[in-house]
2 protein chains.
Amino acid sequence: MQQPASGAQDSALFTDLYELTMAQAYVADGVTGTADFEVFFRRLGPRRGYVLAGGLETALDWLLGFRLSTDELEYLGSLERFTDRFLEWLADARFTGDVDAVPEGTAVFENEPLLRIRAPLPFAQLLETRMINALHYESLVMTKAARIVDAAGGRTVVDFGARRAHGVDAATHAARASWIAGCAGTSNMVAGQRFGLPVVGTMAHSYVEAFRDELTAFRTFVSHYPRTTLLVDTYDTLAGVRNVIRLAGELGEAFTVQAIRIDSGDVGTLAAHARTMLDAAGLEAVQIMVSGGLDESRIATLVDDGAPIDGFGVGTDLVVSRDLPSLDFAYKLVTYDGEPRLKGSTGKATLPGAKQVFRRWDGDRMTGDTIGGAREGRDGESLLQPVVRQGRRVVACEPLDTTRERARAQRSALPDRLRLPAPGEPGYPVTVSHELEAEAERLLARHRQVQ
Amino acid sequence: MQQPASGAQDSALFTDLYELTMAQAYVADGVTGTADFEVFFRRLGPRRGYVLAGGLETALDWLLGFRLSTDELEYLGSLERFTDRFLEWLADARFTGDVDAVPEGTAVFENEPLLRIRAPLPFAQLLETRMINALHYESLVMTKAARIVDAAGGRTVVDFGARRAHGVDAATHAARASWIAGCAGTSNMVAGQRFGLPVVGTMAHSYVEAFRDELTAFRTFVSHYPRTTLLVDTYDTLAGVRNVIRLAGELGEAFTVQAIRIDSGDVGTLAAHARTMLDAAGLEAVQIMVSGGLDESRIATLVDDGAPIDGFGVGTDLVVSRDLPSLDFAYKLVTYDGEPRLKGSTGKATLPGAKQVFRRWDGDRMTGDTIGGAREGRDGESLLQPVVRQGRRVVACEPLDTTRERARAQRSALPDRLRLPAPGEPGYPVTVSHELEAEAERLLARHRQVQ
């Protein structure tokens with residue numbers, strides 16, 4: 001369950017041009033003091049009660065392997081925008097700074113830092129694009145997957161999203177994030193190999209279509225995979241169920257098919273009919289899986305309606321987080337050379353200085369967070385923990401089982417209303433410490449004066 | 001402007017488990033006749049009037065480089081689901097079949113095949129996941145980008161989406177697709193290097209924050225980049241514009257700043273104020289760029305309102321295609337062993353047999369398409385063209401400029417109403433040939449009889 005360091009997604013060149021133009025100006029002017037940058041998001045939006053922090057391992061692998069290749073340096077040289085001095089600086093650039101982060105699978109809320117990086121300003125600036133990119137997508141999908149798993153109320157959920165994710169990396173990281181959030185497996189073989197995840201899946205409509213008739217297809221497939229799941233809706237769902245029952249009659253004791261899958265139509269009603277038919281044929285042990293256009297709202301409705309469904313295969317909605325395909329993750333300068341910094345832009349103001357999130361607990365329930373200065377000595381759990389010091393990990397990459405258990409425990413500690421498909425009010429209580437608010441006011445007043 | 005063959009996105013293992021279980025059953029039973037599979041989408045949905053076909057080069061690179069590595073074969077062996085015979089078959093599996101495809105940048109519509117693959121059934125089955133994945137995302141983003149470029153009405157549009165795309169591959173392929181659709185450049189350096197795209201970008205808020213005051217930051221940045229764009233909204237947008245004017249006063253003739261950028265607030269009103277202030281100061285040549293949460297609807301409103309904006313930086317909405325983060329791309333078996341096949345599932349029925357799209361033109365406007373059998377001798381342009389024969393390309397990878405020009409010409413040939421942010425009725429006329437409809441009816445009737 002390790003992340004290998006290879007492929008385009010690991011290119012240190014993955015940054016925006018302006019990070020390089022700014023870094024060059026900093027290096028030229030000797031503006032190379034230490035900076036702190038923090039990653040956070042501003043708004044949950046109406047459809048999310050919490051976010052699970054994801055993507056830390058992806059971000060760390062990239063960061064600790066940061067090194068521009070000769071090809072990449074030559075490309076930059078060819079643009080005629082960069083000086084030899086800066087290209088030499090870039091050639092030697094490695095991450096030797098510090099990282100503090102919230103462990104993956106932790107519930108986080110608006111304006112709470114998930115990650116803080118401390119490094120010389122020009123280098124820290126270059127990291128923005130990749131740090132946001134890595135944390136954003138895996139947090140987005142881990143959160144979506146957790147909502148779907150919650151809606152399924154203990155029934156199995158598996159990831160079928162590989163084909164509609166936004167690229168291969170997206171599919172593969174979505175599988176990892178989904179597993180942490182409680183999915184039972186993925187259909188994506190690259191994710192299975194890379195992260196050691198359970199792989200799942202049986203047959204597609206094309207298999208049935210390749211045969212002259214459905215019963216022949218079922219008979220043949222079961223001869224290879226006696227404990228398989230049979231897909232029954234290629235032509236007519238209930239006729240497909242009758243073919244399963246017919247096959248059970250043919251095979252007698254040798255019939256060990258585990259489940260049928262319904263992938264189209266009104267799956268709740270079809271599942272109820274199929275259940276009745278299977279039970280009447282003595283096939284109570286055959287489970288019913290459904291798939292096709294499912295999301296947490298649809299699944300919650302099916303569960304509430306008592307549809308006799310044992311498991312859900314979820315694809316597109318999961319891996320593109322269809323109702324919320326992005327969150328406004330940002331990476332902002334919070335200190336330079338020991339001094340707090342902020343941004344005052346309309347609707348996008350930031351809190352100055354290195355921060356910490358202090359979480360209060362009542363038994364096994366989380367009751368509220370305070371965002372304060374990193375050095376404020378507050379009660380409660382400190383969410384941000386040291387992860388890298390002077391370019392070296394001080395916390396090992398944890399097994400995915402540990403992360404998955406954290407995600408489970410965090411969700412069960414949340415107010416129940418926040419886990420619903422349409423989260424209830426009030427939201428989770430997050431306050432900003434008086435000290436931090438006073439500091440922000442002081443800095444904004446100073447900037448107004450200078451203008 | 002080539003696609004290098006390296007990285008995780010090129011792994012031949014990128015497939016769903018069920019493709020492998022089905023392939024193993026086919027190989028074991030000698031069901032290895034030739035199959036045709038087609039990629040298409042079923043529904044445009046209410047927010048799209050057309051789709052531009054994308055992702056072909058990505059798909060071909062993967063397909064023609066298909067080869068499972070020793071590591072991957074060992075992983076598959078470790079799962080104890082696959083026979084030695086099948087693993088040997090997989091070790092030797094290479095693509096030696098045919099591909100017909102619609103050229104990238106071509107406008108396509110519901111149920112029209114974008115790509116057809118002909119290969120032995122077990123091999124063709126393995127390709128499903130990657131073929132959909134590659135074509136889906138690039139078509140999605142190319143279409144979204146085209147809508148944004150159209151809304152901008154000739155003003156510059158650039159891609160700033162790298163940080164919020166779903167991974168690095170997504171960001172990089174989004175940049176390529178956006179450029180084909182008419183964007184002027186991207187901020188993403190990996191895309192710049194890989195595809196030879198123009199790279200754009202200047203400064204972020206953090207640069208301004210790193211200095212004691214905004215004017216000092218502007219002065220310093222301009223000393224390095226005299227023709228830069230200055231970001232004016234770090235603290236207060238109009239105060240930022242006043243600092244630009246102050247700097248122009250200090251520098252006199254040496255002031256060659258090209259533009260200002262506004263990234264927050266009511267950008268239309270702020271741009272109008274900024275324009276008035278700049279003009280009053282004799283800075284008519286300084287352009288105004290805006291960014292921050294823009295999509296085609298917002299841009300169309302700004303343009304309609306006559307906001308004095310010269311260019312738009314678009315990020316998240318573009319690369320995640322926020323209003324439509326997926327299309328229902330599918331890869332379906334249409335013939336096996338020379339016989340047409342179809343799927344009859346509720347709401348997901350397919351058209352049988354290898355197909356062609358025949359497009360009618362009236363001068364330089366496209367007037368309607370007919371989906372017919374590949375061998376129907378119909379008038380009009382045939383959209384699907386031979387691309388690969390017996391595993392070898394018969395059409396070279398075209399320069400991106402050519403693809404970009406095709407995308408432009410295709411859009412200008414569409415009914416104008418289909419290019420609006422909210423596409424007007426009626427949709428583009430697509431009909432199915434009588435021959436094809438009769439064939440579908442004949443096959444469905446036969447399956448009903450067999451059931």
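**Exercise 1. Prolines in a loop**

Task: In this predicted model, find where Pro426(A) lies and state which kind of peptide bond joins Glu425(A) and Pro426(A).

Solution. 
1. Pro426(A) sits in the loop between H15 and S19 of chain A.
2. The bond that joins Glu425(A) and Pro426(A) is a cis peptide bond, with omega about -10°.
3. In chain B, Pro426(B) lies in the loop between helix H15 (400-413) and strand S19 (430-432). The peptide bond from Glu425(B) to Pro426(B) is cis, and its omega is near -10°.

Task: Pro421(A) has 18 other C-beta atoms within 10 Å; decide how it is classed, and list what Pro421(A) touches.

Solution. 
1. Pro421(A) belongs to the loop between helix H15 (400-413) and strand S19 (430-432) of chain A.
2. A residue counts as buried at 20 or more other C-beta atoms within 10 Å and as exposed at 12 or fewer. With 18 such atoms, Pro421(A) is therefore partly exposed.
3. Leaving aside residues up to four places away in sequence, Pro421(A) touches Arg147(A), Ala151(A), Glu296(A), Ser297(A) and Ala300(A).
4. Asp295(A) is 126 residues from Pro421(A) along the chain, and their C-alpha atoms are separated by 9.3 Å.

**Exercise 2. The parallel sheet**

Task: Write down the strand order of the open sheet of 6 strands in chain A, and name its edge strands.

Solution. 
1. The order is S7-S6-S11-S10-S9-S8 in chain A, with parallel pairing.
2. Strand S7 (185-186) and strand S8 (229-231) of chain A each pair on one side only, and are the edge strands.

**Exercise 3. Two helix pairs**

Task: Helix H11 (residues 237-251) and helix H12 (residues 267-280) of chain A cross at roughly 25°; classify the pair and describe the contact.

Solution. 
1. The axes come within 10 Å.
2. Angles under 35 degrees count as roughly parallel, so H11(A) and H12(A) are roughly parallel to each other.
3. The handedness of the crossing of H11(A) and H12(A) is right-handed.
4. H11(A) contributes Thr237(A), Leu238(A), Val241(A) and Ile245(A), which meet Leu270(A), His273(A), Ala274(A), Met277(A) and Leu278(A) of H12(A).
5. By class, this contact of H11(A) with H12(A) holds 7 nonpolar and 2 polar residues, and no charged ones.

Task: Treat helix H1 (residues 17-29) of chain A and helix H10 (residues 214-224) of chain B in the same way.

Solution. 
1. Their axes are 10 Å apart and the packing angle is about 95°.
2. An angle from 65 to 115 degrees counts as roughly perpendicular, so H1(A) is roughly perpendicular to H10(B).
3. The contact is built from Gln24(A), Ala25(A), Ala28(A) and Asp29(A) on H1(A), and Thr220(B), Phe221(B) and His224(B) on H10(B).
4. Sorted by class, the residues in the contact of H1(A) with H10(B) are 3 nonpolar, 3 polar and 1 charged.

**Exercise 4. The interface and the whole chain**

Task: Describe the side of chain B that touches chain A.

Solution. 
1. On the chain B side, 87 residues are in contact with 86 residues of chain A.
2. Helix H1 (residues 17-29) of chain B supplies the largest share of that side, 8 residues.
3. By class, the side of chain B that touches chain A has 36 nonpolar, 35 polar and 16 charged residues.

Task: What percentage of the 451 residues in chain A are buried, and how many helices and strands are in chain A?

Solution. 
1. Buried residues account for 54% of the 451 residues in chain A.
2. Chain A has 16 helices and 19 strands.

Technical notes. Residues are numbered from 1 along each chain as its sequence is written. Chains are lettered from A and ligands numbered from 1 in the order in which they are written. This is a predicted model: local features need pLDDT of at least 70, side-chain atom pairs count only at pLDDT 80 or more; totals for chains, interfaces and linings use all residues. Helices (H or I, at least four residues) and strands (E, at least two) are DSSP runs, numbered from the N terminus. Axes are lines fitted to C-alpha atoms, for helices over the stretch in contact, and angles run from 0 to 180 degrees between N-to-C directions. Angles under 35 degrees count as roughly parallel, over 145 as roughly antiparallel, 65 to 115 as roughly perpendicular and the rest as oblique. Two residues are in contact if their C-beta atoms, placed from the backbone, lie within 7 Å. Ala, Val, Leu, Ile, Met, Phe, Trp, Tyr, Cys and Pro count as nonpolar, Asp, Glu, Lys and Arg as charged, and the others, Gly among them, as polar. A crossing is left-handed if the near helix is turned anticlockwise from the far one by less than a right angle, and right-handed if clockwise. Two strands pair if DSSP finds at least two bridges between them.
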